[in-house]
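I opened this notebook to keep track of charged side chains and their partners. The entries follow the order in which I looked things up.

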Amino acid sequence: MTGVVVHTAPVTHGYLDHDSLVLHYLKFGGQGRPVVFLHGVTGSAWDWHHVGRELATRVTGGVPVALDFRGHGDSGWSGSHKYRSADHAADVCTLIDHLGAGPVDLVGYSWGALVAVMVAVRKPEAVRSVVLADVEASFEQSETDIMPRARKFASIAAAEAARREENPHAPSDLISLIARTGNRAAQDGQLEPKHDP
């Protein structure tokens with residue numbers, strides 16, 4: 001990935017400490033109340049890039065903020081493997097306090113939707129609204145039942161192909177961005193996803 005230039009909307013990278021971890025988030029300009037975006041189990045904050053870009057340029061009164069869950073993207077990995085929904089919800093509550101401009105709007109898809117509901121229940125005074133996408137009302141799957149994910153990719157093209165297969169309707173430029181921001185160079189010269197396996 002050396003020498004690759006990835007063009008993104010203007011973003012600010014933010015960091016905060018919680019539960020002995022450094023958590024990373026993206027802030028997409030704008031002014032006003034934060035709109036906090038939460039990704040799914042295989043995602044990262046960059047999944048929200050196109051949405052954040054559009055909201056920052058078209059909507060007044062809201063600041064799109066997308067969090068990398070612990071163990072995902074550029075957030076720290078939990079040495080004690082604390083990756084339950086409750087752990088992510090506690091991180092989101094800390095992010096809301098860190099942003100200091102509540103109440104916020106929460107938007108989550110898949111696992112992020114479940115975490116958003118949990119945050120709204122735990123901290124109702126800090127949540128103005130909740131938007132849920134791509135999540136079932138109830139299901140038998142536990143927090144540890146995660147679909148198999150590739151541990152390595154031979155190239156960016158291979159990473160893009162895997163993301164495209166998972167998300168066949170996503171724009172090509174977003175697939176490319178997610179593949180490039182969601183992987184890092186491994187010691188063996190391949191690429192490995194930025195998530196705790």
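The entries below concern one aspartate and then several salt bridges in a predicted model.

**Entry 1: D68**

I began with D68, which sits in the loop between β4 (61-67) and α2 (85-99). Which side chain of opposite charge is nearest to D68, and how far away is it? I found K194, at 7.2 Å. A salt bridge needs a nitrogen and a carboxyl oxygen within 4 Å, so I noted that D68 is buried yet has no salt bridge.

I then asked what the side chain of D68 does touch. It makes a polar contact of 2.7 Å with the side chain of H24. A polar atom of the D68 side chain also lies 2.7 Å from the backbone nitrogen of A45. Setting aside neighbours within four places in sequence, I listed the contacts of D68 as H24, H39, S44, A45, G73, D74 and S75.

**Entry 2: the salt bridges**

How many salt bridges does the model hold? I wrote down 14. As background, I noted that side chains of opposite charge can pair when their charged atoms come close. I looked up some of the pairs one by one.

**Entry 3: D105 and R33**

The side chains of D105 and R33 form a salt bridge, at 2.9 Å from N to O. This pair links distant parts of the chain: D105 belongs to strand β5 (residues 104-109) and R33 to strand β3 (residues 32-38), 72 residues apart. Are the two partners buried or exposed? D105 counts as buried, at 7% relative accessibility, while R33 is partly exposed, at 27%.

**Entry 4: D91 and R70**

Next I checked D91, which forms a salt bridge with R70; their closest N and O atoms are 2.7 Å apart. Here too the pair links distant parts of the chain, with D91 in helix α2 and R70 in the loop between β4 and α2, 21 residues apart. D91 is buried, with a relative accessible area of 0%. R70 is also buried, at 1%.

**Entry 5: R84 and D87**

I looked up R84 and D87 as well, whose side chains meet in a salt bridge at 3.3 Å, N to O. R84 is partly exposed at 47% relative accessibility, whereas D87 is buried at 7%.

Terms used
Residues numbered from 1 in each chain as written. Predicted model: local features only at pLDDT ≥ 70, side-chain atom pairs only at ≥ 80, totals over all residues. Heavy atoms only, no water. Helix = DSSP H or I, 4+ residues; strand = E, 2+ residues; numbered from the N terminus. Buried < 20%, exposed > 50% of the residue type's maximum accessible area, 1.4 Å probe, protein only. Lys, Arg positive; Asp, Glu negative; His and termini not counted. Polar contact = N/O pair within 3.5 Å; in protein donor to acceptor, adjacent residues only side chain to side chain. Contact = heavy atoms within 4.5 Å.
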